[in-house]
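Let's take a friendly walk through this structure together. Have the sequence and the 3D view ready, and follow along one stop at a time.

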Amino acid sequence: MEQTLSIIKPDAVKKGVIGKIVDRFESNGLRVAAMKKMQLDAKKAGDFYAVHAERPFYGELVEFMTSGPVVVMVLEGEGAMAKNRDLMGATNPKEAAKGTIRADFADSIDANAVHGSDSVENAANEIKFFFSKEEIV
């Protein structure tokens, strides 16, 4: 059973669409194995996105991810990582296919509603970043 990490970002939490997004995952064969709502501080957000530290958008990304609460989840199922990315849609919601999470709930390329792991290896690292083994059921 493959696992992946998903984050419902501050813009989507503020809109009150947590349940609608979780329903998209569950209705498409993914199971929520762990979930928590949290407020990221600058250190936690900065550490999580450290891979982007040299990019010009890094500071704005950390600022955005600390602007409100997020919902962090471990999703599991057959091909969970790829299925999650398909459900999310393109990073830029203007380019996202109709019916994807980003097409339906995101405002911009920066405020794009959700994060999803981009590889099985990264998923394992990202899950460990937010969850202990005991929290994943």
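**Rings and a helix face**

F48 has a relative accessible area of 12%, so this residue counts as buried, the cut-off being under 20%. Keep in mind that you are looking at a predicted model.

The structure holds four aromatic pairs. In one of them, the ring centres of F48 and Y49 are 4.9 Å apart and the planes stand at 85°, so this pair is edge-to-face. Y49 is buried, as is F48. F48 also pairs with F129, this time in a tilted arrangement, with 5.4 Å from centre to centre and 55° between the planes. F129 is partly exposed, with a relative accessible area of 27%. Together, F48, Y49, F129 and F130 make up one aromatic cluster.

The charged end of K44 sits over the ring of F129, 4.7 Å from its centre. Likewise, K36 has its charged end over the ring of F131, 4.7 Å from the ring centre.

Now turn to helix α2, which spans residues 18-27 and in which I21, V22 and F25 are buried. Viewed down the axis of α2, the buried residues fall within an arc of 95°, so they line one face of the helix. On the other side of α2, you will find G19, K20 and S27 exposed. Just after α2 comes G29, with a positive phi of about 85°.

Conventions:
Residues numbered from 1 in each chain as written. Predicted model: local features only at pLDDT ≥ 70, side-chain atom pairs only at ≥ 80, totals over all residues. Heavy atoms only, no water. Buried < 20%, exposed > 50% of the residue type's maximum accessible area, 1.4 Å probe, protein only. Helix = DSSP H or I, 4+ residues; strand = E, 2+ residues; numbered from the N terminus. Arc of directions from axis to C-beta. Phe/Tyr/Trp six-rings, centres within 6.5 Å; stacked < 30°, edge-to-face > 60°. Lys NZ or Arg CZ within 6 Å of the ring centre and 35° of its normal.
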